[in-house]
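Please look through the model below before reading on.

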Amino acid sequence: MVGNIEVMTSSLFQNGSISNHNSLEEKLDEFRRVLGKSDDDLLKIVGVGAGAWGSVFAALLQDTYGKFRDKVQIRIWRRAGRAVDRETAKLLFEVINSREDVLRRLIRRCAYLKYVEARLGDRVLYADEILKDGFCLNMIDTPLSPMKVVTNLQEAVWDADIVVNGVPSTETREVFEEISNYWKERISPPIIVSLSKGIEAALDPVPHIITPTQMINRATGVPLENILYLGGPNIASEIYNKEYANARICGAEKWRVPLAKFLRQPHFIVWDNSDLVTHEVMGGLKNVYAIGAGMVAALTNESATSKSVYFAHCTSEMIFITHLLTKEPEKLAGPLLADTYVTLLKGRNAWYGQMIAKGELSLDMGDSISGKGMIQGVSAVGAFFELLSQSSLSVLHPNEKKPVAPVELCPILKTLYKILIKREQGPRAILQALRDENLNDPRERIEIAQSHAFYKPSLLGQP
């Protein structure tokens, strides 16, 4: 009887695996049909940029669909030549030896010895080299699946069907201007999914923002309906470790609906949403305020009360800013609020704020930190402040009844600018801003925003 039960259990397990395999293949086939791919034509997906989220996103696709080699090709591009320092090589060796599955995999691939030699200082490893083995330089302690890595950008993108933008917003324009040179002969444009969070501020002919999807559109000429944004809430390492997470893909219905279905997994639920602007702007804003959240956490010894006060004020500023940009923005609720919450709680920008407040990092070290990558909130602080300080965008101050620049209604943003960009004040100024007796109730700022009195369509380059 026991033997029969074992056979039945084994059969059920095998049938379940086959069923899951078949359902994934059916989902892939359905997406290929949407794209108009013929049976002998590979669906080519490439990730551009190999930061933590970009690498995890590519690895998730590889884990899910990589087994169907005759139907899909998944690759990732990163620049060549980035050396791994000795301390990181030591940490990498420790991670490898703490994970039996990773150790065995490297030994089978005859790739283990180079990590021993790097640990001893006998050779230099490179970021693109270790990425092939599943190690992202910005996330060494979370091994990924091995990936197909390309260091030649033209080779990576010239015939790609889907391009995933994983480079920081500060590099998006430059990278896609180069990519545009390789797409001049294309008959049909690719689909681009941007993971990038941040904005640029432009002052001519009128003050306005430029989001990463707009940068891509202007650099390449790819229609905006083919450019989408995917946002959290998510922490890259936790998603790869199959912590339950969800995300939203935003943009034109033509592509967001089939992409949401294609990207959805049991532990990573992807919904679709039409409000590209709000989600993309919030993606940049959350990084701004996450730096302040980290400072507050460090300076108050993780005081729940202080962090909640900060959360109330920073979210009211975020709501105010998005209402300047969009007449009917998506409400800061549900996944959009959760994305803000998790970034303030644990993202790399919050970590950066903590390290600055503790004195363990210096502003002189810049905003590209070894082992973490680009701290995108720093440049976003400068961009949002520069934009919202323009007198041509003046709004009526509710108490003083006189025209002021919008930034005057955003005291936390002003303080972060003085700390991070002007360096006029130290991190403790963020607490002084919260404890200002003249600080208005956050509800008042939200009510002002929701009155639509301050909506400025010109901020998005609209008439």
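**Strands, buried side chains and salt bridges**

Ile162 stands opposite Ile191 in S5. The chain crosses from S4 through helix H8 (residues 169-180) to S5 in a right-handed β-α-β crossover; right-handed means that, with the strands pointing away from the viewer, the path from the first strand over the helix to the second runs clockwise. Helices (H or I, at least four residues) and strands (E, at least two) are DSSP runs, numbered from the N terminus. This is a predicted model, in which local features need pLDDT of at least 70 and side-chain atom pairs count only at pLDDT 80 or more, while totals for chains, interfaces and linings use all residues. Residues are numbered from 1 along each chain as its sequence is written, and side-chain values use heavy atoms, with hydrogens and water left out.

Strand S4 (residues 162-165) and S5 run parallel and are joined by 4 bridges; two strands pair if DSSP finds at least two bridges between them. S5 is also parallel to strand S8 (residues 227-231), with 3 bridges joining them, and Val193 has Leu228 in S8 as its bridge partner. In a regular strand the side chains alternate between the two faces of the sheet. In S5 (residues 191-194), Ile191 and Val193 lie on one side and Ile192 and Ser194 on the other, and all are buried. Buried means under 20% relative accessible area, exposed over 50%, and partly exposed in between (1.4 Å probe, protein chains only).

UniProt, in an unreviewed entry, lists residues 147-247 as "domain: Glycerol-3-phosphate dehydrogenase NAD-dependent N-terminal". UniProt positions are given in the numbering used here, feature names are shortened, and annotations may be inferred rather than shown by experiment. The span of residues 147-247 is 31% helix and 25% strand, and its end C-alpha atoms lie 23 Å apart. The unreviewed entry also places "domain: Glycerol-3-phosphate dehydrogenase NAD-dependent C-terminal" at residues 275-425. The span of residues 275-425 is 62% helix and 5% strand, with 37 Å between its end C-alpha atoms.

Glu280 lies in helix H12 (residues 276-299). The side chain of Glu280 does make a polar contact with the side chain of Thr211 (3.1 Å). A polar contact is a pair of N or O atoms within 3.5 Å; within protein, one must be able to donate a hydrogen and the other to accept it, and residues adjacent in sequence count only if both atoms are side-chain atoms.

The whole structure has 23 salt bridges, each a side-chain nitrogen of Lys or Arg within 4 Å of a carboxyl oxygen of Asp or Glu. One of them joins Lys37 to Asp41, with the closest N and O atoms 3.0 Å apart. Lys37 is buried at 15% relative accessible area, whereas Asp41 is partly exposed at 33%. Lys90 and Glu87 form another, at 3.6 Å between the closest N and O atoms; both residues lie in helix H3 (residues 86-98), 3 residues apart, about one turn of the helix.

Glu129 forms a salt bridge with Lys114, the closest N and O atoms being 3.8 Å apart. Glu129 lies in helix H6 (residues 127-132) and Lys114 in helix H5 (residues 112-120), so the pair ties together parts 15 residues apart in sequence. Both Glu129 and Lys114 are buried. A network of salt bridges links Arg109, Lys114, Arg123, Glu129 and Asp133.
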